[in-house]
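Hi everyone, thanks for coming. Please take a look at the structure on the screen, and then I'll walk you through a few of its contacts.

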Amino acid sequence: MGTTAIAEIWQEVLGVPVEDDDDFFALGGQSLAAMEVVAAVRRRLGITVRVRVLLEHPVLADFAGQLARSGEPSPDRS
């Protein structure tokens, strides 16, 4: 999975431009924003991911890589 869709979600939630090597928390992210990100990932991409994954992999490229490796489609995705 590329980082483009994830970057768009981060940009919308954080309100700042992001690059592949940006750290979610260095950009101003916090726990509520992390919850918004994982909800948007599920809604837009159909991937269920726990907030913990973002907390443990806060760099955009690393987070996207984790989604590619461990993300699974949400059961309610149409």
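Let me start with a term: a salt bridge here is a side-chain nitrogen of Lys or Arg within 4 Å of a carboxyl oxygen of Asp or Glu. This is a predicted model, where local features need pLDDT of at least 70, side-chain atom pairs count only at pLDDT 80 or more, and totals for chains, interfaces and linings use all residues. Residues are numbered from 1 along each chain as its sequence is written, and side-chain values use heavy atoms, leaving out hydrogens and water.

In one of them, Glu12 pairs with Arg44, with the closest N and O atoms 2.2 Å apart. Glu12 sits in helix 1 and Arg44 in helix 2, so this pair ties together parts 32 residues apart in sequence. Helices are DSSP runs of H or I, at least four residues, and strands are E runs of at least two, numbered from the N terminus. Glu12 is exposed, at 53% relative accessible area, while Arg44 is partly exposed at 36%. For the cut-offs, buried means under 20%, exposed over 50%, and partly exposed in between, with a 1.4 Å probe and protein chains only.

Glu56 and Arg52 also form a salt bridge, at 3.4 Å from N to O. They are four residues apart in helix 3, about one helical turn.

Now, helix 4, residues 60-70: its buried residues are Leu60, Phe63, Ala64, Gly65, Gln66 and Leu67. Their cover includes helix 1, helix 2, strand 1 and helix 3.

Notes
Contact means heavy atoms within 4.5 Å.
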